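Dear colleague,

Please find the structure below, handed over for your study. My findings follow it.

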Amino acid sequence: MKNHKRFVVTGAAMTALLAIAACSGGGGGTTSSGSGSSTAPAEPVTINVHTFGGGENFGYDEAVKKWNAEHPNIQIKYTNLTDRFEDVYLPQLLQRLQAGAGAGDVVGIDEGAMGLMAARPQFFTDLGQYGLDSRKADFPAAKWEAGVNADGKLFALGTDMGGMTMCYRKDLFKKAGLPTDREEVGKLWPDWNAFLETGKKFEAAKTGAKFMDGPNTIYNVILFQEAPKNGNLSYFDKNNQLVIESNPAVKTSFDWVTTFSKAGLTAKLQAWSPAWDKAIKGGGFATMGCPSWMLGVIEGKAGPSNKGNWDVAAVPGGTGNWGGSWLAVPKQSKHPKEAAEVVNYLTGKEGHIAAFKEAGAFPSSLPAQQDPEVANLKNAYFNDAPTGKIFSESVAKLQPVFFGEKHAQVKTAVEKVIEGMDQGAIKYDEAWSKFVAAGVKAAG
């Protein structure tokens with residue numbers, strides 16, 4: 001997802017995360033991909049589901065209400081802990097896993113930390129013992145395989161996947177004299193060169209807003225378009241060796257962001273900061289890379305008064321993926337069987353469809369993707385954009401990208417350099433060397 005959910009790691013939080021990351025340390029079930037049912041516990045239990053994310057987060061409010069109405073003996077308590085994954089949620093989750101207490105019965109994990117978690121099977125329940133390994137055909141191979149840990153056990157099932165579009169402000173495009181119809185807007189930028197030229201035209205119109213929010217959202221869009229062209233790698237190869245300097249996908253993405261920054265197209269905003277939130281609502285910028293989960297973020301932060309101002313168009317390059325999450329059951333849960341049932345429900349067809357309707361979280365579940373409720377869904381907030389059709393087309397040819405064990409740490413460190421460059425704290429001609437150095441240091 002949702003991840004959608006990016007922020008800078010503080011020094012103390014990074015130290016704790018790296019220190020903890022270095023550590024290593026029954027019963028029957030249901031095989032249904034829906035809400036399912038098994039023998040009810042003798043006494044009612046509460047399953048705490050902990051997630052992260054901005055806006056509408058994982059989109060489970062309605063799904064949880066339905067489950068709780070139908071399962072009086074297994075009640076879900078759903079808590080979205082923070083919209084900041086890397087510097088708040090992930091260090092806290094690692095600390096609680098290491099301590100053996102404090103984590104939810106079910107926890108959300110962003111794609112960037114899946115390599116880290118898969119390398120630590122001692123922390124998670126084997127979902128196969130509760131029959132969830134029968135769900136393999138429900139997911140794309142890459143989504144399924146990411147949930148298999150170093151011991152070959154299924155420890156997590158997929159929630160959403162990103163897909164990719166470009167969100168834009170219709171009112172600002174109109175003010176700049178640009179097309180506002182989503183089909184015409186998509187034709188403005190078949191590639192990133194055309195996107196650059198469109199941005200220059202927007203800036204020349206002097207609307208009072210900037211063309212882009214900041215460097216990091218576009219950087220991630222381009223990185224995950226380029227990675228499949230370069231061995232499906234970003235920061236690490238499949239032996240967990242850092243390739244940040246040698247992988248053309250990273251350098252190409254960095255170079256494009258540098259170009260946009262030099263052209264004065266960005267509002268110099270740090271994603272997930274209060275200033276970014278304010279600009280989403282106040283019309284401080286006109287475009288932003290939008291995986292499916294970002295639509296829920298925009299709606300949550302822009303608020304009802306901006307309904308109809310935002311719309312969705314094709315992204316330059318036509319496809320890509322950014323974000324996506326999984327649900328896992330920590331071994332410390334006192335109710336692993338019931339927690340596995342909840343994971344089965346929320347990652348089943350019904351749970352995926354509910355999340356897409358509520359938060360724009362596009363399903364990784366193949367049965368859900370193929371359901372008319374997904375394919376035909378329109379998003380009223382975004383001018384009735386046919387988001388089901390748009391994101392279905394966006395993910396149709398996606399290829400998996402490998403995430404190393406320390407992907408999240410490296411990502412946070414290098415994006416801090418990009419932000420510094422865009423804001424003028426780091427000179428353009430020094431930024432690449434500092435970017436690489438930050439990545440090497442974070443990788444340890």
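In helix α9 of this predicted model, the buried residues are Pro215, Asn216, Thr217, Ile218, Tyr219, Asn220, Val221, Ile222, Leu223, Phe224, Gln225 and Glu226. The helix is thus mostly covered, with 12 of its 12 residues buried. Its length may also be checked. Helix α9 runs over residues 215–226, and at 1.5 Å a residue its 12 residues should span 16 Å. The end C-alpha atoms of α9 are 16 Å apart, which agrees with that expectation.

The next finding concerns a pair of helices. Two packed helices are described by the angle between their axes and the distance between the axes. Helix α8 (residues 192–204) packs with helix α10 (residues 248–262) at an angle of about 15 degrees, and their axes are 11 Å apart. Because angles under 35 degrees count as roughly parallel, α8 is roughly parallel to α10. The crossing of the two helices α8 and α10 is right-handed. On the α8 side, Trp192, Asn193, Phe195 and Leu196 make the contact, while α10 contributes Trp256, Thr259 and Phe260. Of the residues in this contact between α8 and α10, 5 are nonpolar, 2 are polar and none is charged.

The last finding concerns a loop. Pro304 is located in the loop between α12 (292–302) and β8 (310–313). Is Pro304 buried or exposed? Pro304 has a relative accessible area of 77%, and because a value over 50% counts as exposed, Pro304 is exposed. Pro304 and Tyr381 are 77 residues apart in sequence, and their C-alpha atoms are 8.2 Å apart in space.

A colleague

Methods. Residues are numbered from 1 along each chain as its sequence is written. This is a predicted model: local features need pLDDT of at least 70, side-chain atom pairs count only at pLDDT 80 or more; totals for chains, interfaces and linings use all residues. Side-chain values use heavy atoms; hydrogens and water are left out. Axes are lines fitted to C-alpha atoms, for helices over the stretch in contact, and angles run from 0 to 180 degrees between N-to-C directions. Helices (H or I, at least four residues) and strands (E, at least two) are DSSP runs, numbered from the N terminus. Angles under 35 degrees count as roughly parallel, over 145 as roughly antiparallel, 65 to 115 as roughly perpendicular and the rest as oblique. A crossing is left-handed if the near helix is turned anticlockwise from the far one by less than a right angle, and right-handed if clockwise. Contact means heavy atoms within 4.5 Å. Ala, Val, Leu, Ile, Met, Phe, Trp, Tyr, Cys and Pro count as nonpolar, Asp, Glu, Lys and Arg as charged, and the others, Gly among them, as polar. The expected span of a helix is 1.5 Å times one less than its number of residues. Buried means under 20% relative accessible area, exposed over 50%, partly exposed in between (1.4 Å probe, protein chains only).
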